[in-house]
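Reader: I would like to learn how to read packing and charge features from a set of coordinates. Please take one feature at a time, with the general idea before the case.

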Amino acid sequence: MQNLYPVFLASASPRRRELLAHAGYTFEIIVSDSEEKSDYTIPHEFVTDLALQKALAVYNRMEKEQSFFVIGADTVVACDNEILGKPSDEADARRMLNLLSGRTHQVYTGVGICFYDHKKQKLKKHSFYEKTDVTFYEMSPEEIEAYIATKDPFDKAGAYGIQSGASIYIRKIHGDYNNVVGLPIARLYHELNLLF
């Protein structure tokens, strides 16, 4: 699907930008201004809803003079049926890391796609999610404090980055690594190809 139509990424995440670029897509970034609130409480429904909200928010701001794609994404960590987004402060990051320490949790990324078909003057919406199981080694209180001090947890769901400082605490994963980073790029590629 690369280069057939203009692609817009509705995300400020540098990790998603890198994954999309590495996959060979040419795209522009337009950050979504959606409120990012959802009534869903089941993780995969929650992230899929938010991802589509982000894509639609950008789609609604676009001029409809050509066909184009908008891709939105949202990632959360889920543990003990609790959805963990980005920590609000140090105490919240500490709570999340203590919860994840020595245990297996799930990472969900929802992806929302809006395709505007200029010829048909029609919007086509599509969404999906990917789930990856991640197991942490035990983290000592000192390790948790040292990791929080790096400031790495604060812009990441579940208060950790698998591709950055938390990599030394990841015992194993089951599923798509890129999904944990923030975008299941292989699944996205195949979903786009199935759409067209």
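**Rings, cores and charges**

Author: Tyrosine 108 has a relative accessibility of 13%, so it counts as buried, the cut-off being under 20%. The model is a predicted one.

Reader: Which values describe a pair of aromatic rings?

Author: Such a pair is described by the distance of the ring centres and the angle of the planes. A search of the whole structure gives nine aromatic pairs here. In one of them, tyrosine 5 and phenylalanine 69 have ring centres 5.9 Å apart and planes at 65 degrees, so the pair is edge-to-face. Tyrosine 5 belongs to the segment before β1 (7–9) and phenylalanine 69 to strand β3 (residues 68–79), so the pair ties together parts that are 64 residues apart in sequence.

Reader: Are tyrosine 5 and phenylalanine 69 buried or exposed?

Author: Tyrosine 5 is partly exposed, its relative accessible area being 30%. Phenylalanine 69 is buried, with a value of 0%. Another pair joins tyrosine 108 and tyrosine 129; this one is tilted, with 6.2 Å from centre to centre and 40 degrees between the planes. Tyrosine 108 is in strand β5 (residues 104–117) and tyrosine 129 in strand β6 (residues 122–136), so this pair ties together parts that are 21 residues apart in sequence. Tyrosine 129, at 33% relative accessibility, counts as partly exposed.

Reader: Which residues form an aromatic cluster, and which charged end sits over the ring of tyrosine 59?

Author: Phe8, Tyr59, Phe68 and Tyr116 make up one aromatic cluster. Over the ring of tyrosine 59 sits the charged end of lysine 64, 4.4 Å from the ring centre.

Reader: Where do nonpolar side chains tend to be in soluble globular proteins?

Author: They tend to be buried together. In this model the largest nonpolar core has 42 residues, and Leu97, Phe136, Tyr160 and Leu188 are those with the most contacts inside it. Neighbours within four places in sequence left aside, phenylalanine 136 is in contact with residues including Leu97, Leu100, His105, Tyr160, Tyr169 and Ile170. A second, separate core has 12 residues, among them Phe8, Val58, Val70 and Tyr116.

Reader: What span should helix α2 have, and what do its buried residues pack against?

Author: Helix α2 (residues 43–61) has 19 residues and, at 1.5 Å a residue, should span 27 Å; its end C-alpha atoms are 28 Å apart, which agrees. The buried residues of α2 include Phe46, Val47, Leu50, Ala51, Leu52, Val58 and Tyr59, and also Thr48 and Lys54. The packing partners of the buried α2 residues are β3, β4 (82–84), β5 and β6.

Reader: How many salt bridges does the structure hold?

Author: The structure holds 16 salt bridges. The cut-off needed to judge the next cases is a nitrogen-to-oxygen distance within 4 Å. Lysine 37 and glutamate 35 form a salt bridge with their closest N and O atoms 3.9 Å apart, and both residues are exposed. Arginine 94 and glutamate 90 form another, also with closest N and O atoms 3.9 Å apart. Both lie in helix α3 (residues 90–100), four residues apart, about one turn of the helix. Arginine 94 counts as partly exposed at 28% relative accessibility, and glutamate 90 counts as partly exposed at 37%.

Reader: Which residues are linked in a network of salt bridges?

Author: Arg15, Asp152, Asp155 and Lys156 are linked in this way. Aspartate 155 is partly exposed at 34% relative accessibility, whereas lysine 156 is buried at 9%. Arginine 15 lies in helix α1 (residues 14–22) and is buried, with a relative accessible area of 16%. Apart from neighbours within four places in sequence, arginine 15 is in contact with Asp155, Lys156, Gln163 and Val181.

Reader: Where is the place of glutamine 66, and which residues is glutamine 66 in contact with, leaving aside its neighbours within four places in sequence?

Author: Glutamine 66 is in the loop between α2 and β3 and is partly exposed, with a relative accessible area of 40%. With those neighbours left aside, the contacts of glutamine 66 are Pro6, Tyr116 and His118. Glutamine 66 and glutamine 121 are 55 residues apart along the chain, and their C-alpha atoms are separated by 9.3 Å.

How values were computed
Residues are numbered from 1 along each chain as its sequence is written. This is a predicted model: local features need pLDDT of at least 70, side-chain atom pairs count only at pLDDT 80 or more; totals for chains, interfaces and linings use all residues. Side-chain values use heavy atoms; hydrogens and water are left out. Rings of Phe, Tyr and Trp (its six-membered ring) pair if their centres lie within 6.5 Å; planes under 30 degrees apart count as stacked, over 60 as edge-to-face and the rest as tilted. Helices (H or I, at least four residues) and strands (E, at least two) are DSSP runs, numbered from the N terminus. Buried means under 20% relative accessible area, exposed over 50%, partly exposed in between (1.4 Å probe, protein chains only). A charge sits over a ring if NZ of Lys or CZ of Arg is within 6 Å of the ring centre and within 35 degrees of the ring normal. A nonpolar core is a set of buried Ala, Val, Leu, Ile, Met, Phe, Trp, Tyr and Cys residues joined through side-chain atoms within 4.5 Å. Contact means heavy atoms within 4.5 Å. The expected span of a helix is 1.5 Å times one less than its number of residues. A salt bridge is a side-chain nitrogen of Lys or Arg within 4 Å of a carboxyl oxygen of Asp or Glu.
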